[in-house]
Structures are given as structure tokens and as C-alpha cells.
Amino acid sequence: MSLIRRKKAPESKNQEASDANLTDDENKKKKQPLPTKKTQKSWTCLDNCCWFIGCICVIWWLLLFSYNAMPASFPQFVTEAITGPWPDPPGVKISKEGLSVKHPVVFVPGIVTGGLELWEGHNCTEGLFRKRLWGGTFGEVYKRPLCWVEHMSLDNETGMDPEGVRVRPVTGLVAADYFAAGYFVWAVLIANLARIGYEEKNMYMASYDWRLSFQNTEARDQTLSRIKSNIELMVATSGGKKAVIIPHSMGVLYFLHFMKWVEAPAPMGGGGGSDWCAKHIKAVMNIGGPFLGVPKSVPGLLSAEVRDIAVLRAVAPGVLEKDLFRFQMMLQHVMKMTRTWDSTMSMLPKGGDTIWGGLDWSPEEDYCHGRRDHNHNDTNTPDQHKTKNHVSPDKNTNYGRIISFGQKAAYAAASELKRIDFRDAVKGKTVANSSCQEVWTEYHEMGYGGIDAAVEYQVYTADEVVELLEFVAPKMMARGSAHFSYGIAENLDDPKYDHYKYWSNPLETKLPNAPDMEIYTLYGVGIPTERAYVYRLSNSAECSIPFQIDTSADHAKDCLNDGVFTVDGDETVPALSAGFMCAKGWRGKTRFNPSGIKTYIREYNHAPPATFLEGRGTQSGAHVDIMGNFALIEDVLRVAAGATGEELGGDHIYSDILKWSEKINLSL
Amino acid sequence: MLSFASLLRFLRICIFEHLKCCSLLGCKSYGTPEKKQSPDEKVFQEIKKSRNKRQKPMGWKCVDNCCWIVGYLCTTSWLLLFLLYIVPVSLPGLKGPEIPGARLKREGLVANHPVVLVPGIITGGLELWEGKPCAEPLFRKRLWGGWGSGFTDIFRRPVCWMDHLSLHYETGLDPPGIRVRPAPGLVAADYFAPGYFVWAILIENLAQIGYEDRNMYMAAYDWRLSFQNTEVRDRSLSRLKGQIEIMYATNGDKKVVVFPHSMGAVYFLHFLKWVELPAPVGGGGGSGWCAKYIKAIVNIGPTFLGVPKAFATILSAEGKDISLIRAMAAGLLESEFLGLQTIEHVMRVSRTWDSIVSLLPKGGETVWGNLDWSPEEGYNCESEEKRQLQALSKENNTRSSTDKSLFQVKHHKKYGRIISFGKEASEVVSSQLPTFSKDFMHSSTSANSSTSRGEFWTEYDDMSRENFQKIAENKVYTTTDLLDLLRYVAPKMMQRAEAHYSHGIAENLEDPKYNHHKYWSNPLETMLPDAPDMETYCMYGVGIPTERSYVYKMSPSDRRKGIPFRIDNSADGSDSCLRGGVYFVDGDESVPVLSSGFMCAKGWRGKTRFNPSGSATYVREYRHKPPSSMLEGRGLESAGHVDIMGNVALIEDVLRIAAGATGSELGGDRIHSDLLKMCNRVNVPL
């Protein structure tokens, strides 16, 4: 009310002035109010509201108008005035050096970032034909959530389209340039490539349905065939110049699968012949590649939560527990939906205990304690990791225990753990509440017996996590294990490795025979990344998901925050997963890399944006934001314009990846 | 900061003054009617009243009123919007008629052959890849077609926009520093503008029977370029070839069905020739390529023999619509309104586009008629009367064949005179026309180089007024004359474009010169590929008056920079054939029946020299029926050049062909117009 009074004041001021002129004439002064009385209508609350809204609207329009009338360079001008002149975008810098378009470029987007659109649906999707269900505004999620979930889900048995629903990947560069309005994924990289002369004819977005298992994208959409043909077409129309492939995130695994597929003979593979990769690919520049999987995918499958949701639960414990806004319900629906996506299983940690560590051992075990030395010594250079070796082993973090039930279990010495094997436990058929069946998450089939058995095992390493998932979600894992494998090959020449389920696991496939090809791994470091979890039983009714991350578990010294152990990485993928293959597994001539393809590691140290004007930063190392990192873009542009890894400067390492790789005892 | 401080000060003053004002006025109670009440209540009321009054002391001011109204409008519109949102998605009452795709799906039709869509001129989207600084925010946004939110950006810099849409005047390729590229994918031409569908309805229907991205491909190309240049610059033809091969391979070796629309039909004709020729000029597909990969070519509203409209566009950058605007608001376009010489701008931009030349009428006087004769001459414009008079006209025709009475000749429109200066010239017998030699057109243009070249270079500035006078005195022009005229008034443009297009009729198709790419898009100068199983369809609308020839006049203004000719929109005939300076024939509003139908009805029918393998051709015409109600939008049975893509009957045919039906299963030819009669009059050796 006070606001209105103030705004009304100028009037009364005028009134007063006119009154002041008439002070000596008493009669007139008396009459003065009368005319006003007639014109005055009563200000009702509604009028006030209208007036208020009108004011806001008018001001808003004025601002909008002035914003639109503002010269286009104005924001940049202001920013430069505050932060100093911006560096040239890498595209401009490089084109000034005289480099220009040379090799055709193929982008392979990762999970989640690619758009999906509706081609056929049930009645509830009327008007959504060829509109994005995933990506863009996500407007439909709010408007008709259940309908959305229903259409985004795949068939539980086959992992393909449900009856009467066709959701297909968006094609073209628009598939993943922006994930949502203003949230770039590939757009910045594309813009910079355009600066040195790239356009639609020599850039190709290999969009695929990231919900499907990799081989199913071929079975349903012939995506792999289309990628093959399109690469051939681009190479042919660019005068025989080989393609530079830029996969991001899960796209890295997808392209690994592709390289194997394309050379395999026809019924299962693409029939390209054994020199296809050598003939068509110059370099594969993997950005933030989860070669060995990400631990984050475990809680995703186990309890449909990641750190963000767990933190939310910690901040407002009551809200999520109490099924307010049917959140629990929605969470279960989301869980049911994500569990129908085979691709989520491609990112489970691979290589088991050998890579990810056992009960009392892990490659990154001294990271947390070493890190403080790091800060003291202001060492960001790779040569200095010797200084941190004084850390005593008993202080090490047990990253190998990817899931522990209770903080105690996470810290107990291996000998003290009393574990009761869960594998033979009888699943109780004690589902009382049939309404739970509304959402099928396989937990209802476990009963209390099964859940207790799972908890009593206390600690799970990478190998055991897979077994745990097989225990709690047998159907999902049965579907998934037909398409993915998480082990380490004993003998790569075993004919069983011709099956496609091994193709996306770098530890169970050989790289193609292409000695001139180069493999880069580019990823961010310097951001705490989820590595292991402390779990607890959820205390709510049986209808909800029985496990959740124990957000009360905190041990700052030990990188344990809100129930999550963190290591170095790009916020999603630990450095170990992104870097190991290039640092060790494929370095030189190994059994995984028989032709000795050259590998390069390019790390980018994370620096948060200096001001909010910079948006998501030009030096970010985060999993997606790194696509706007100027240093990375410059590297990509140089390779696309013809540079080799040597010319880029070879390896460029900030983290301890070399030391960690050394600790891993993998026969090469 | 400064403004914030002053705002605070202002607020403080307001409050103070407000209190003062209240005290000055004595805070008397006025305004609210009094009732009888108990003393206690009265005191309470007094206080309340004084408070009330303080809040709203002086009634309404203009600003307040405005604010109130704005607020009111905003609120109601929000409320309506909100209501719109919560209304169930499908109101039972508002349900439109079932789309043909759904019906055919129930019939058991499923996606069979992969489908290639080839958009026409204008309708394809173009986006910016590199530009001048003024176009910075438009990067990778649409400059043309499918404008969405980016349109405000264009609107703020119209001149910049025009600059970027132009091509280089001499090469017909990109101007330096500018790269505008066709938008790829189905979105390239599904909607031209929000809500104005082009391919969207067809795509939706195809999707109903199972089509999706993997078996449907939009062959987007830069429609401003000449066809061969799309390959030179963007590799569009190679990519089209590659995509067809990919789709063929990934769909179980099923041949593709191609749906070109409008100019896309000519583009695809060019492709057919290109793809089979060996590598340096062609695509190197080998002579069996088309037979192997293509099941059918379903041309929708094809411009095979060109459109007369293209002459008017090049000569004076106007069609029926623009001359109508000029007639209604005479001053608007003439005046240099806001410094924008709109027409000149349009002309300058469009003259850099080679593709427009591909739309000029082909086949010369043999096809389009000469001074005295034209294939459509018997056409009666009064479509209602037409049927009643049909019997009568038949008699007339039989009689006229025996003795050509003067009356009869007078009655016939002389469509062959595509441009006449003055209405009279368009009607008189050819012997009464003043005979001027057309030699002046072959002499070099007397460039008036003394004047500084204007901002808008349309080549008209290079010519003197006398030359224009001479042109106008020649009175009538047939197609062949017009091509000469264009070479005279716009020599550079025609020189550039005629390296890519030819408009004649081949004497001998075996002549090796016809291997040059400039002949490939002219159906009268190329052979169809050797693919006897391939089917060619011509599907187009009829029943809409379509521009066929024009009455011109000199433009009155003496401005140096300007277009010297324009359509004489005062010329009106006794019947509806001549309206606003334009003679009409039957067609789909843009393309006359003759142009779209002739090749399928005669030129390629059976084994002819243009179709040596004798592949089957079908003519499918769709009679225009305007939308019966507002709710129908652009009509379910419309036959307009673009609107036909939403025509239910056409969609049904398209779907059946895609699902595997042959032309004879569809029912063969379906002809409503006088096409066959017209074709008979056209004397092209076959």
C-alpha cells in the first residue's frame, strides 16, 4: 500500500500547488474539493492491482524497448569496461594465423545433451508432433508429466520403442548445439569452427538416440550406417581429406563402438573392411570421455539420485520425504524411466577392482591428502607430484568402496568388515501395498529380505556393484548385459570378443588397425567429482525407493561431503576414467592398441568464471562447460585445420593421472 | 547510481509533500457518503476516512488511467492465456477432420520407399554462417524462411539483411566475407513462416504411416544459386546423391520416391542428368544410377516450362500482388518512403539470383505462342459460364477450324504476346501492329556514363531514356523477343545466368553440346535417364487464374534511378481474363497448366526423343476449392501453388505412391483442365 501512496503523491503535490494559489479565496477553496469528488471513483483493490500491473508492464516494455534499441555491441562494451578487453575467440585468433578449414568434422554428442523429438505418440501428445520432448524448453514436463514420462520411456523388455510411440533423435547441428535455450553444448565450438570456414557441408552432427543401447541405434534407426555413409560422403566431397571426430561424454563410448562396428563384417557390423578407420579418420578428439565409466551412474541406477538431489534432500529433509507435490512418486517414475534406458548401463564402472580399487586400495587413494599439499605449494605443474608421497597409507581414502552402507563401513579396515553374502539371499515376496505396482522399479519384487541382505553386505567395490545391481534389478541388468560388458579381457583374440557387447568397453576391444590415426583425450580437471557413496536405508514407506545417499555423512578432510567421496575430475567424470586409456592402456603398442596409434592427453585446469558476465566461463573445466573453454576450442580448431598432436605440444597434464595409472596393475 | 539517488530524493519529496498536502487540505473527509452510525463507530470511521483519503486523494490522472488500462488489458490477456493453457488439449468439439494419413494407416499403408523432398524457390530456409559486423547476432539464424524469434533482429537492420541475401553480381556466388547457407534438415522448409506451412502437413501425414528422419530427407539447397553452382559451392548435388544412396542402403534396398515442388522439379531434372554423367562435370553415378535408385518422381506444381511471371519479376520486380498494392496506394511505393526504395531494393537483390532465370519460359514461341497464336487461346476465363458454354464453344471451334472468321480471332486472347505496351497493342491483329525493327536490341547499350552510378545498381541506370522509349514503341514481345529484351536491358545478369540456363528446344538431342550443364534443367533440351521402370508424375492445381501475359506502360517518373517500366494496372478487360494489366489463364496461381502439365501429357508421354526409354508419366490435376470456413485455414482442397501441399487428395496420392502404389493403381491420369487440347496445339517434334 505504501508503494502506491508514494506513487500517487505527485498528484497531490500538484493539487497542493493549485490550492496554494487559491488560499485567499475561501469560497473557492471550499468548492475546490467538490469537482474532484465527482470525478473521483473509488479505488478498489482491483483497480489498484490493475494500476500496479500496468505500471510494471509499462516499465518492463520501456526497458525491453531500450534494450532492443541498444546497439548490439553494448553488452560487450560494458563487460570490457569492467573486466578489461576480452581475448579474441579462438576462431578469430586462429584465422588470423592463416589457418582455415581442412578436415571435415564430425560431432558425436553424449548422453542427455542430444534432443529427442516425437514422431508418433498417444492421444495425450496431441500437438507435439515433431516437437522436442527432450531438450529445448522442457515445457511438456510441467504440463503433462506422466504423459512425458510415458513417452520418454522405452519398452522394459526389449529396450526399444513401446507400442505406438516413436521418439526419434533430432538431426542436424541443432540436435545438440543448445541443450536448452541459452545453455550451449556444441554451439560455441560450432561458432568458432565457422570462423575458420566450416559450414554445414563439412560439419556433421552424428546425433543418435542416446537412450538406446549402441547396437540398437543401428537396429532401429540405422544410425551407425548413416554415420558411416555420412563420413564417407564428407571425406569424398572434401577432396579425400580424412575426418576429425569429436565425441563428447558418452559419445566417446559410442564412437568406440562405431570404430569396431564399421570394420566388422556385415551382419553384425558395417562391413567397411579392416582399413576403413585408417582411410577415413584422421583423429578422434574425445572430450570428457568416460572410457572406464563413471561412478555417478551407480546411484543413478540404484536410487535415481545424484548429488544434487541428495543435497536437496539434506537442505530440506521434510520436503522430499513427505511426498509433497508427489515428488517421491515423480522420482520413482523418473527412476522407472531411466531404468528403461539401456545406455545408462554403458557408463557403469568398467574394469572392476583392477581399475577402481578394492576394499583397501584405490589408484587415487592419496588424492585428498595430497591435494592440500598441492594448495600449499601452489603447484599446478605436472612435475611436482613427488612431494606428496609422504602421506601414510593408513590415511588414504577408500575410494575402492564405491558404495558403503553407513559411514562406519566406509572407514572400517578391511579385516573388520563383517559381510554377509547377499547373492543367495531369498527375496521376500512381501509386497503389501498393491498400489505400489503403479510404478515398477523392481524394488517391490525384492521385499524386505532382499533389501536387508543388500544392506548387510555393507561395502561394494566396482565388481560387486555390478553384482548388486544384478541383484536388485535383475531384469534391467539382463537386458543391459546383452549389450554391455564391464570386465577386462584376458585374451583379446578370443572369438567371443567379436560380439558387439564388448565393443564399447576399451578394456575388451582392440583399437582399429590405423597407425596414422591419433587419439586425443581432452578433459577438465580441478573440480571435485563423485567417486564413491555412503548409503543408508530410507526410512519412509515401502512404496518408495529403499536406498538413498546418506547426506549426513561428512568428513571434509577426507573429501566426503554429503555422503559423497570426491576426487579430481570434471565434475562428472573422474580424471582416471577419462585419462587412463590414453595415459597407459593405449600408450605405445599394447594389446589394446596393436597398431600403436598415438595418444595424447590434454587436460584443462578449471578456473571458474571471474564475473557473472562471462556466463559459464571461457576457462571452465566442467563436463559440459568445457565445450566453451577457449584453450580446448583452440586445440580442436588446430587439429581440424591440420595440426598433429606433436604440433599441439603433446601431452598437457595437470592432474596425477600418470601416477594413478602406474598404480593400476593391468597387463598390456 | 545517479539516477537511483535522484529517484530516492524524488520519493522522499513525494512523501513529505504528501503529508503537507494533507495538512493543507485539512484532511477533511469527503468523497464517501455518510450513514447514520453510533458515535464510537463514527470516530472510527473518521479515522478510517482520513486514512482512505490520504491514500487516494485526488482522483485520476491521465498517466494513472493509462496504467490502469494497460494493467487491465495485461491481466485479462494473461487470464485468457491461462485459460487457454488449462483447457484440455483436445476439445471434443473443436476436433478437425481426420488427416488422410491416419485414415490410410488404418487401411494398412505403411512406409515403404524412402522419400526425398526437394523444396522449390523461396520456400527453403537460408541461414547465416559468416557476415559483416552488422549481422553479428544473426549467426546461424534464419535470414530467410522459418523466421522465428530472430525476426526482430532482421527487422532492426533491413539494409544489412538485404546485403546478405544478395549474391555477387558477376560470379553469382557468395560476395566476399559473406556466407549464407541453406538450412538443413526437414526444418529447412516445413514452415516458411510460423503458421504458414509448406511441407509440414505432408511430413505429418507421411509420419502417420511410419516415416521418420531415417527414411525421409529434405534435399535443401541454396535456391538463389544456379543449379550447378549449388554443387560447386555447397556440394548439394553430391550430398543429395549420397543421401539417396544411404537411404537406399539402410532401408533394405528400396528405391526412393522423390517429391520435388515448384522449382525443385527443374532442380531435380538437373540432378538426374548430373548424377549419371562422368565425374568432372557430373556425379559419376554411371548410366544405370537412376534406374537403380529411383522409383518415382512426383513433381508437385512443377515449373517445367517456366513461368511468365518471371519476366515481370526481372523486368520490373513486380507481380500481380505488387502492382495491386501500387494501384491501391499509389504514392507509397513511388515515394522514397523512409529512404527505402523498396522495389529497387528487391530488384537489386533478386537480380543477383541466378535461379530466377531458370524460371523464364522455355521452348520459345513453339510452346508459348507468338503474336497471333497461343496454345491456351480458347481458354474461357469465366469458369462458371465455361461449363454452360462448353457446348457452344465446341461448335465454334469446329467452325473456326474450317474458316477462321475475324470474330473468332478477335475473341481469342493473344497470350503469346507476353508483354505488350498498352492494352490496345495486346489486342489488335498482328498486321496492324507498327513494324519496328528489333535491331536496336542487338546494338550495344549506349551507356549514359555521365551520371554517377546510383546506390542501387539495376543496370537500368546504364541506359538512356531514349532506349526505353524505343523499347516501349516496339509494343509487343513474345517469349523469344523478351529474352532478347532482357539481354538488352540487363546484359550482365543475362550473361551470367545464361551460362547456366538455356531456354530453347533441342534440334538434335544427340548433339554432344547438350552434355553441358546449362541444358540439363530444360526438359526440352535433355533426355530423361534410361530408367524404364521409373515413373514421372505431374501433380498440380487447376482452377485458379494464373498470370500469363502483361500489359505494360512506361513509368511516369523521370527519376534517374528507377525502373522505367511497370504493369499498367488500369488495363481491364471486358471479361475476367484481363484484370489489373494481367492476362490470366488456368493454373495454380503461379504456374500455368501448360508449364506444369505439358511434359507429362505430351513431351514425355510414351517413347519420345525426350524420353527414349519410354518411362511412364502421369498427370494428376486437383481442382481448386477455396476453404469453406475460417477454421479450415488454407483449405483442405486448395490448389494454390503452395497450399496444394495441404490438399487432401494430393496427400493421399503421395502417401499411396510412397507406400508402393504405381501410377495405374492410383487411377492413371486425372485431368480437369483443357491440358490435352492445349498440348495438341503445341507443335514440338517428338
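**Briefing: aromatic pairs, domain contact and salt bridges**

Over all its chains, the structure holds 48 aromatic pairs. The model is a predicted one. Salt bridges over all chains number 50.

**Aromatic rings**

- A pair of aromatic rings is described by two quantities, the distance of the centres and the angle of the planes.
- In chain A, ring pairs join A:Trp134, A:Trp148, A:Phe179, A:Tyr183, A:Trp210 and A:Trp341 into a cluster.
- In chain B, the ring of B:Tyr169 has the charged end of B:Arg496 sitting over it, at 5.3 Å from the ring centre.

**Domains of chain A and their contact**

- Chain A is divided into domain 1 (91-115 + 178-291 + 510-519 + 570-667), domain 2 (116-169) and domain 3 (296-348 + 351-366 + 396-430 + 439-484 + 528-567).
- Domain 1 of chain A gives 24 residues to the contact, and domain 3 of chain A gives 22 residues.
- Between domain 1 and domain 3 of chain A, about 2,000 Å² of area is buried, and carbon and sulfur atoms give 66% of this area.
- The interface of these two domains of chain A is crossed by two salt bridges and by eight residue pairs in polar contact.
- On the side of domain 1 of chain A that touches domain 3, the elements giving two or more residues are helices H10 (214-221), H12 (250-263), H24 (575-585) and H27 (657-663) of chain A.

**Charged pairs**

- Side chains of opposite charge can pair when their charged atoms come close.
- A:Asp366 and A:Lys659 form a salt bridge through their side chains, with an N to O distance of 3.3 Å.
- A:Arg166 and A:Glu120 also form a salt bridge, and their closest N and O atoms are 2.8 Å apart.
- A:Arg166 belongs to strand S4 (residues 166-169) and A:Glu120 to strand S2 (residues 116-120) of chain A, so this pair ties together parts that lie 46 residues apart in sequence.

How values were computed
Residues are numbered from 1 along each chain as its sequence is written. Chains are lettered from A and ligands numbered from 1 in the order in which they are written. This is a predicted model: local features need pLDDT of at least 70, side-chain atom pairs count only at pLDDT 80 or more; totals for chains, interfaces and linings use all residues. Side-chain values use heavy atoms; hydrogens and water are left out. Rings of Phe, Tyr and Trp (its six-membered ring) pair if their centres lie within 6.5 Å; planes under 30 degrees apart count as stacked, over 60 as edge-to-face and the rest as tilted. A charge sits over a ring if NZ of Lys or CZ of Arg is within 6 Å of the ring centre and within 35 degrees of the ring normal. Domain bounds come from an automatic or database domain assignment. Contact means heavy atoms within 4.5 Å. Buried area is the accessible area (1.4 Å probe) that two parts lose on being put together, summed over both. A salt bridge is a side-chain nitrogen of Lys or Arg within 4 Å of a carboxyl oxygen of Asp or Glu. A polar contact is a pair of N or O atoms within 3.5 Å; within protein, one must be able to donate a hydrogen and the other to accept it, and residues adjacent in sequence count only if both atoms are side-chain atoms. Helices (H or I, at least four residues) and strands (E, at least two) are DSSP runs, numbered from the N terminus.
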